[in-house]
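Here is a short tour of one chain, from its overall make-up down to a few single residues. Keep the sequence and the model side by side as you read.

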Amino acid sequence: MKYESTNPIATSPSSADEPQARGSHLRVAVRPRPDKKRLEALYRDLLVELGEDAERDGLVRTPERMARSLCELTSGYDGDLETVLNGAVFPVEGYQDPVLVGDVEYYSLCEHHLLPFFGKMSVAYIPENSIIGLSKIPRLIEMFARRLQVQERLTSQVADALEAVIAPRGVAVYSTGFHLCMAMRGVEKQSSNTTTTAFRGIYREDDRLRSEFLRFTAPSR
Ligand code: ZN
């Protein structure tokens, strides 16, 4: 695996330090259901503009498929923290060590080109009074991944959402991403991987905890 050589571990932007800024990017209004017929018409125009015959056999149902597929790939806008978690937050006593859910696959669309980026995300937290149902962590990742994204924001949203929901002592997120907009066009770096991390609470202060987390998650170079 090859990494971007300039800055292999990009931390989340410093504005994310502000509690207000952290909360605000989690509050995405649940969207009104997209008009599929309108989307289909737009896609048909797009095909024509590209010089295609939108009525030929292979393409005639493509606008319909594209509309359905785009709605699915952006279905994260249809959810919010409450519906995704569905009450799966539980009190815990006497457990003060990290809980780590590793290598969760995600697929997202970059907001600059609407091309896919995908990779794996590992999430750890150290509970204070509450834990979250383990299956909810992949759900949380999926809710944020199925929106138009940049990897940096996706990573910090997952950390901030966990912080907002269970107020743990600390959260750590490690994410790798392979961006088709980099591989297929532009610089055409076909094997480069982007790594982002987000640390909150005690993970910011404690080097030992942070290195332990990275030892479990980051592949050795
Ligand atoms: Zn892009």
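## Contacts and overall make-up

Among contacts in the chain between residues at least 6 apart in sequence, 74% join residues at least 24 apart; two residues are in contact if their C-beta atoms, placed from the backbone, lie within 7 Å. This is a predicted model, in which local features need pLDDT of at least 70 and side-chain atom pairs count only at pLDDT 80 or more, while totals for chains, interfaces and linings use all residues. Residues are numbered from 1 along each chain as its sequence is written.

The secondary structure comes to 9 helices and 9 strands. Helices (H or I, at least four residues) and strands (E, at least two) are DSSP runs, numbered from the N terminus. Of the 221 residues, 30% count as buried. A residue is buried if 20 or more other C-beta atoms lie within 10 Å of its own, exposed if 12 or fewer, and partly exposed in between, with C-beta atoms placed from the backbone.

## The largest nonpolar core

In soluble globular proteins, nonpolar side chains tend to be buried together. A nonpolar core here is a set of buried Ala, Val, Leu, Ile, Met, Phe, Trp, Tyr and Cys residues joined through C-beta atoms within 7 Å. The largest such core has 28 residues, and those touching the most other members are Val 123, Ile 141, Val 158, Leu 162, Ala 172 and Val 173. At least two core residues come from each of strand E5 (116-126), helix H5 (136-145), helix H6 (151-166), strand E8 (170-179), strand E9 (192-201) and helix H9 (207-217).

Leaving aside residues up to four places away in sequence, Val 173 touches Met 121, Val 123, Thr 155, Val 158, Ala 159, Thr 197 and Ala 198.

## Strand E4 and its partners

Strand E4 (residues 99-110) has an antiparallel pairing with E5 over 9 bridges; two strands pair if DSSP finds at least two bridges between them. In this pairing, Ser 108 stands opposite Phe 117 of E5. E4 also pairs with strand E7 (residues 148-149), here in the parallel sense over 2 bridges, and Cys 110 stands opposite Gln 149 in E7.

E4 and E5 form a hairpin with 5 residues between them. Leu 114 lies in that loop and is exposed, with 12 other C-beta atoms within 10 Å. Its phi is positive, about 50 degrees, although Leu 114 is not a glycine. Most residues other than glycine have a negative phi. Asp 103, within E4, also has a positive phi, of about 55 degrees. Asp 103 counts as exposed because it has 11 C-beta neighbours inside 10 Å.

Which residues of H9 are buried? They include Leu 209, Phe 213 and Thr 217. Seen down the axis of H9, its buried residues fall within an arc of 60 degrees, so they line one face of the helix; the arc is that of the directions from the helix axis to the C-beta atoms.

The buried residues of H9 pack against E4, E5, E8 and helix H8 (202-205). On the other side of H9, Asp 207, Arg 208, Ser 211 and Arg 215 are exposed.

## Leu 81 and Phe 144

Leu 81 belongs to helix H4 (residues 81-85). With 16 C-beta neighbours inside 10 Å, Leu 81 counts as partly exposed. Leu 81 and Phe 144 are 63 residues apart in sequence, and their C-alpha atoms are 9.9 Å apart in space.
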